[in-house]
Amino acid sequence: MDELTSRHYSILGRILRKNITRHSVGSLLYNKGDVSTGCYLLLTGSVIAVCSKHDLPGQKIINRSLAFLHSGDCVGDLELLAEAANHGSHSPKRCCSVKIS
């Protein structure tokens, strides 16, 4: 594989800047079961991945936190990897809900 040049990074930077969106604290980035359309790179702030008691039989807790992600982390990438492993034969569904914290 060829190495990336400064030109590649410049092009990538322009593409990424066009796709930056801001979300309010407490809003949902996506819900469990949503069709996966991409992944998110957290530039600032944090998110919590949660699953509901319906996904955890016998649990009395309404929502259980699965992961806390912070600046520099990527979220939603597992569904993309699952799609690649299945050679794109299906549209992967989100495996949990992710909320801006």
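This report describes the fold, the core, the pockets and several residues of a predicted protein model.

**Overall architecture**

The protein contains 2 helices and 6 strands. Read from the N terminus, these elements follow the order α-β-β-β-β-β-α-β. Of its 101 residues, 22% count as buried.

In soluble globular proteins, nonpolar side chains tend to be buried together. In this model, the largest nonpolar core has 10 residues, namely Leu29, Tyr30, Leu42, Val47, Ala49, Leu69, Val75, Cys96, Val98 and Ile100. The elements that give two or more residues to this core are β1 (28-30), β3 and β6 (97-100).

Tyr30 is one of the core residues. Leaving aside residues up to four places away in sequence, Tyr30 touches Tyr40, Val75, Gly76, Glu79, Arg94, Cys96, Ser97 and Val98. Val75, Cys96 and Val98, which are among these partners, are themselves listed in the core.

Rolling a probe the size of a water molecule over the atoms shows where empty space is left.

| Pocket | Volume | Lining residues | Classes in the lining |
|---|---|---|---|
| Largest pocket | about 600 Å³ | 19 residues | 11 nonpolar, 7 polar, 1 charged |
| Second largest pocket | about 180 Å³ | 14 residues | 11 nonpolar, 1 polar, 2 charged |

In the lining of the largest pocket, Ile20, Thr21, Leu41, Leu42 and Leu43 lie nearest the centre. The elements that give two or more residues to that lining are β2 (40-41) and β3 (46-52).

For the second largest pocket, the lining residues nearest the centre are Leu69, Val75, Gly76, Asp77 and Leu78. At least two residues of this lining come from each of β4 (63-70), β5 (74-75) and α2 (77-85). Leu69 and Val75 in this group also belong to the largest nonpolar core.

**Selected residues**

Tyr40 has its place in strand β2. Because its relative accessibility is 27%, Tyr40 counts as partly exposed. Apart from residues up to four places away in sequence, Tyr40 touches Leu29, Tyr30, Asp73, Cys74, Val75 and Arg94. The C-alpha atoms of Tyr40 and Thr21 are separated by 9.9 Å, and these two residues are 19 residues apart along the chain.

Asp73, one of the contacts of Tyr40, is found in the loop between β4 and β5. Is Asp73 buried or partly exposed? Buried means under 20% relative accessible area; Asp73 has 28% and is therefore partly exposed. Beyond residues up to four places away in sequence, Asp73 touches Tyr40, Leu41 and Leu42. Asp73 and Leu41 are 32 residues apart along the chain, while their C-alpha atoms are separated by 6.0 Å.

Ser46 is located in strand β3. With a relative accessible area of 17%, Ser46 is buried, because buried means under 20%. Not counting residues up to four places away in sequence, Ser46 touches Leu69, His70, Ile100 and Ser101. Of these partners, Leu69 and Ile100 are members of the largest nonpolar core.

Technical notes
Residues numbered from 1 in each chain as written. Predicted model: local features only at pLDDT ≥ 70, side-chain atom pairs only at ≥ 80, totals over all residues. Heavy atoms only, no water. 1 Å grid on protein atoms, 1.4 Å probe; cavity = no way out; pocket = protein on both sides within 12 Å on 5 of 7 lines; lining within 4 Å. Points joined across faces, edges and corners; volume = space filled by probe spheres on them. Helix = DSSP H or I, 4+ residues; strand = E, 2+ residues; numbered from the N terminus. Nonpolar A, V, L, I, M, F, W, Y, C, P; charged D, E, K, R; others polar. Core = buried A, V, L, I, M, F, W, Y, C linked by side-chain atoms within 4.5 Å. Buried < 20%, exposed > 50% of the residue type's maximum accessible area, 1.4 Å probe, protein only. Contact = heavy atoms within 4.5 Å.
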